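This briefing sets out the fold of one protein chain, topic by topic. Please read it alongside the sequence and the model.

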Amino acid sequence: MTGLEYSRVTKETDVSLSLSDKGSFEMAVNTTIPIFDHIVKTLFFYSPFELKLPARGDLAHHIMEDVGITVGEAINKALGDRNGINRFGSAVVPMDDSLVLVAVDLVRRPYYVGNFPADTIDGISTKLFEHFFRSVAFSGLFNLHINILYGTDPHHYVEASSKATGMSLGMALGKAASAVRSTKGSL
């Protein structure tokens, strides 16, 4: 993949993105929700992709969900036939008081498991960040498991989740043998 343009426009939101292979580590994210911009930039900083993403919408819930859907669909498109990748990736990331474990399987069977506590960051529910991650996994057609092992500061465990997701995607997208990483012969 060199560059991919993708967009999603509804009555509630207007999201467009440009996804490309990692080069300069420069991210441009503007969703009108500063803490969400930070979390999305962090995810992509630690992933194998660079991202440019402007998004507008009527409600934080709609913006975060539709950004997740758009990001997931773009990742799915970028993965192509998924041949020759490691398929699995995981990371354990500490951030001050928090420790988060994330695992992905790029299998084309979407599933999400997470355990975000109900809290807020800058007035935004942590459950909306969890909804973002769920939307990425289901639209990206992969398994994503986010286990917040412990943490008291919601900013720390949400950001650690973002870092660990990006790192896990990087590991899963690493080059493997030319064969498909499945005993079934396809993902």
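A residue is called buried under 20% relative accessible area, exposed over 50%, and partly exposed in between, with a 1.4 Å probe and protein chains only. The model is predicted, so local features need pLDDT of at least 70 and side-chain atom pairs count only at pLDDT 80 or more, whereas totals for chains, interfaces and linings use all residues. Residues are numbered from 1 along each chain as its sequence is written, and side-chain values use heavy atoms, with hydrogens and water left out.

**Overall architecture**

- The protein chain has four helices and 10 strands; these are DSSP runs numbered from the N terminus, with helices being H or I of at least four residues and strands being E of at least two.
- Along the sequence, the elements follow the pattern β-β-β-α-β-α-β-β-β-β-β-α-β-α.
- The radius of gyration of the protein chain is 16 Å, which agrees with the value near 16 Å for a compact globule of 187 residues; the radius is taken over C-alpha atoms, and the globule rule is 2.2 Å times the number of residues to the power 0.38.
- The C-alpha atoms fill a box of roughly 45 × 35 × 30 Å along the principal axes.
- Of the 187 residues in the protein chain, 50% are buried.
- The accessible surface comes to about 8,400 Å², and carbon and sulfur atoms account for 54% of this surface; accessible areas come from the Shrake-Rupley method with a 1.4 Å probe, and for residues only the protein chains shown count as cover.
- Among contacts between residues at least 6 apart in sequence, 75% join residues at least 24 apart, where contact means heavy atoms within 4.5 Å.

**The sheet β1-β2-β4-β3**

- Four strands form an open sheet in the order β1-β2-β4-β3, and the pairing is mixed; two strands pair if DSSP finds at least two bridges between them.
- β1 (3-9) and β3 (28-30) are the edge strands, each with a single partner strand, so one side of each has no neighbour in the sheet.
- From one strand to the next, the twist averages 10°; axes are lines fitted to C-alpha atoms, for helices over the stretch in contact, and angles run from 0 to 180 degrees between N-to-C directions.
- β1 and β2 (residues 13-21) run antiparallel and are joined by seven bridges; tyrosine 6 has leucine 17 in β2 as its bridge partner.
- Helix α2 (residues 60-79) packs on this sheet, touching β1, β2 and β4, and its direction makes about 35° with that of β2.
- Helix α1 lies across β2, β3 and β4 (49-57), running at about 155° to β3.

**Helix α1**

- The 12 residues of α1 (residues 34-45) should span 16 Å at 1.5 Å a residue, and the end C-alpha atoms are 16 Å apart, which agrees; the expected span is 1.5 Å times one less than the number of residues.
- The buried residues of α1 are Ile35, Phe36, Asp37, Ile39, Val40, Thr42, Leu43 and Phe44.

**The sheet β5-β6-β10-β7**

- A further open sheet has four strands in the order β5-β6-β10-β7, with mixed pairing.
- Its edge strands are β5 (88-95) and β7 (111-114), each of which pairs on one side only.
- Neighbouring strands of this sheet are turned by 10° against each other on average, direction ignored.
- β5 pairs with β6 (residues 98-105) in the antiparallel sense over eight bridges.
- Phenylalanine 88 stands opposite aspartate 105 in β6, and proline 94 has leucine 99 in β6 as its bridge partner.
- Helix α3 (residues 126-140) packs on the sheet and touches β7 and β10 (143-150), its direction making about 155° with that of β7.
- Helix α4 (residues 154-172) also packs on the sheet, touching β5, β6 and β10, and its direction makes about 150° with that of β5.

- Two residues lie between the strands in the hairpin of β5 and β6, where aspartate 96 takes a positive phi near 50°.
- β6 and β10 run antiparallel and are joined by seven bridges; leucine 99 has tyrosine 150 in β10 as its bridge partner.

**Arginine 109**

- Arginine 109 is placed in the loop between β6 and β7.
- This residue, arginine 109, counts as partly exposed because its relative accessibility is 46%.
- Arginine 109 and leucine 141 are 32 residues apart along the chain, and their C-alpha atoms are separated by 5.6 Å.
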